[in-house]
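Biologist: I would like to learn how to read the overall features of a model before turning to a single residue. Could we go through one together, step by step?

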Amino acid sequence: MTLNSHTQNLLNHLQQLMLVNEDEIFQRGIAQATTERIIDLRRRAGQLSELYQDVSNLEVLVNKGVSADDHTLYTDLLEWRAIQNELENLTHFLEMV
C-alpha cells in the first residue's frame, strides 16, 4: 500500500507513541471502520423496525400491492434486506479481524 507522506509521518509517529507495528494499526483501523458501519446500519434498521415492526410485516404490505405513485414500501423493503445482508457480512468479517 502506498501512503502519502503526511499519512506515513503520522503512522511513524503513532508507532513510536504506542509501540505497535503497522499491521496492528491497520487492523485496528479496519475494525473501527467496520464497527462504525455496523452501528450506522443497525441504527437504520431500528428506524425501519419502528415503522414496520418486522421485515416480514413489510413484506406482507408490499405483497398486498405498492402504489404506482409511491414506492416507499418497496424501497424500504429492498433497503432493509440489503441492510440485513450487509450486517451479516460485516459481522462475519469483523470476527476475522
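Biologist: What percentage of the 97 residues in the protein chain do the buried residues make up?

Modeller: Please keep in mind that this is a predicted model. A residue is called buried when its relative accessible area is under 20%, and in the protein chain such residues make up 19% of the 97. The protein chain exposes about 7,200 Å², of which carbon and sulfur atoms supply 52%.

Biologist: Which radius of gyration does the protein chain have, and what would a compact globule have?

Modeller: A compact globule of 97 residues would have a radius of gyration near 13 Å, whereas the protein chain has 20 Å. Taken along the principal axes, the box filled by its C-alpha atoms is roughly 60 × 25 × 20 Å.

Biologist: How many helices and strands does the protein chain have, and what share of the contacts with a separation of 6 or more comes from residues 24 or more positions apart?

Modeller: There are 4 helices and 0 strands, so that the order from the N terminus reads α-α-α-α. Of the contacts with a separation of 6 or more, 58% are between residues 24 or more positions apart.

Biologist: Turning to one residue, why does Asp76 count as buried?

Modeller: Asp76, which is placed in helix H4 (residues 72–96), counts as buried because its relative accessibility is 7%, and the cut-off is under 20%. Leaving aside residues up to four places away in sequence, Asp76 touches Arg44, Leu48, Leu51, Tyr52 and Leu58.

Key. Residues numbered from 1 in each chain as written. Predicted model: local features only at pLDDT ≥ 70, side-chain atom pairs only at ≥ 80, totals over all residues. Heavy atoms only, no water. Helix = DSSP H or I, 4+ residues; strand = E, 2+ residues; numbered from the N terminus. Rg over C-alpha atoms; globule rule 2.2 N^0.38 Å. Buried < 20%, exposed > 50% of the residue type's maximum accessible area, 1.4 Å probe, protein only. Contact = heavy atoms within 4.5 Å. Areas by Shrake-Rupley, 256 points an atom, 1.4 Å probe, with all protein chains shown as cover.
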